[in-house]
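Got the viewer up and your selection tool handy? Let's take a short walk through this one, stop by stop.

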Amino acid sequence: MTQTRKIGEVILDLQGISLSFGGVKALTNISFNVKEHEIRAIIGPNGAGKSSMLNVINGVYRPQLGEITYRGVQRKDMNTYAAAKSGIARTFQNIALFKGMSVLDNIMTGRNLKMKSNFLMQALYWGPAQKEEIAHREKVEEIIDFLEIQHIRKTPVGRLSYGLQKRVELGRALAAEPEILLLDEPMAGMNVEEKQDMSRFILDVNDQLGTTIVLIEHDMGVVMDISDRVVVLDYGKKIGDGTPDEVLANQEVINAYLGVAH
Ligand SMILES: Nc1ncnc2c1ncn2[C@@H]1O[C@H](COP(=O)(O)OP(=O)(O)OP(=O)(O)O)[C@@H](O)[C@H]1O
Ligand SMILES: [Mg+2]
């Protein structure tokens with residue numbers, strides 16, 4: 001399973017993205033790129049536009065201005081289904097899981113796009129559907145092993161700690177076998193130990209599965225530890241972009257975090 005991590009070419013390129021909601025300018029003329037196999041962090045104070053940026057990448061929001069190029073193809077009219085089909089999966093700032101369903105079944109929902117047999121075939125458990133179901137279950141079991149959650153595979157998600165729910169949500173996203181994984185605050189609300197676990201899983205996904213990761217995170221220690229490059233947003237504008245060390249030394253970034261008036 002081990003893969004020597006090597007950062008590749010640009011796979012996602014955003015140019016001049018502007019997004020507003022009525023009078024609220026959530027994003028103003030933002031450009032940055034993501035390289036294959038890298039861990040790219042998006043940081044910035046509350047309301048900076050970080051989640052909006054992820055929502056633009058996976059087609060939830062359509063920017064009024066700007067261009068998105070994914071694997072050399074310029075994307076127009078992106079919607080969430082097309083984004084998912086093209087290999088982009090995500091987790092949400094507020095956990096989006098079926099609380100009454102087991103861990104296993106929740107992760108299985110991440111396989112939906114990969115399923116070929118239709119609902120009726122599955123209901124009848126007809127030959128090909130049966131084979132397909134078994135293959136999907138195997139994939140899901142692999143993910144469960146990878147994330148070390150075998151012991152809770154049958155537990156309803158609503159009964160789990162917040163940290164474990166976040167891990168299950170990561171599992172659901174991984175079940176889609178994405179090329180790009182978008183994580184919106186995967187460590188929010190976690191204690192130190194849970195954060196360390198989640199950091200390790202993110203690094204393992206990146207290293208062993210080769211998945212490109214775009215991550216929003218408020219914990220600067222974590223960001224500096226695990227990301228290759230960082231984009232900094234403030235009031236919908238990009239104020240920094242570079243390696244963790246570069247953005248830490250950027251005066252505009254320091255001012256934004258210290259709350260200096262601007
Ligand atoms: N659907 C929406 N309708 C109206 N305004 C929105 C919508 N989504 C985001 N906004 C506004 O856009 C701005 C950026 O919000 P966004 O959620 O992207 O910030 P964020 O950086 O993710 O913040 P946080 O760290 O608090 O999650 C905010 O002013 C927010 O109120
Ligand atoms: Mg957000």
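Begin by selecting strand 2 (24–35) and helix 1 (50–57): each of them supplies at least two residues of the shell around ligand 1. Keep in mind as you click that this is a predicted model. Helix 1 is the top contributor to that shell, with three residues.

Now show the whole shell around ligand 1: Phe-21, Val-24, Ala-26, Gly-44, Asn-46, Gly-47, Ala-48, Gly-49, Lys-50, Ser-51, Ser-52 and Gln-93. Colour that shell by class and you get four nonpolar residues, seven polar and one charged.

Stay with helix 1 for a moment. How many of its eight residues are buried? Seven are, so helix 1 is largely enclosed by the rest of the structure. To see them, pick Lys-50, Ser-52, Met-53, Leu-54, Asn-55, Val-56 and Ile-57. Then step just past the end of helix 1 to Gly-59, where phi is positive, at about 85°.

Next, zoom out and colour by domain. Domain 1 is made of 1–87 + 179–262, while domain 2 covers 95–177. Where the two domains touch, ten residues come from domain 1 and ten from domain 2.

For the last stop, select helix 2 (80–85) and helix 7 (192–209), the elements that give two or more residues to the side of domain 1 that touches domain 2. Helix 7 has the largest share of that side, four residues. Colour this side of domain 1 by class too: seven residues are nonpolar, one is polar and two are charged.

Technical notes:
Residues numbered from 1 in each chain as written. Chains lettered and ligands numbered in written order. Predicted model: local features only at pLDDT ≥ 70, side-chain atom pairs only at ≥ 80, totals over all residues. Near = placed C-beta within 6 Å. Nonpolar A, V, L, I, M, F, W, Y, C, P; charged D, E, K, R; others polar. Buried ≥ 20, exposed ≤ 12 C-beta atoms within 10 Å, placed from the backbone. Domains from an automatic or database assignment. Contact = placed C-beta atoms within 7 Å.
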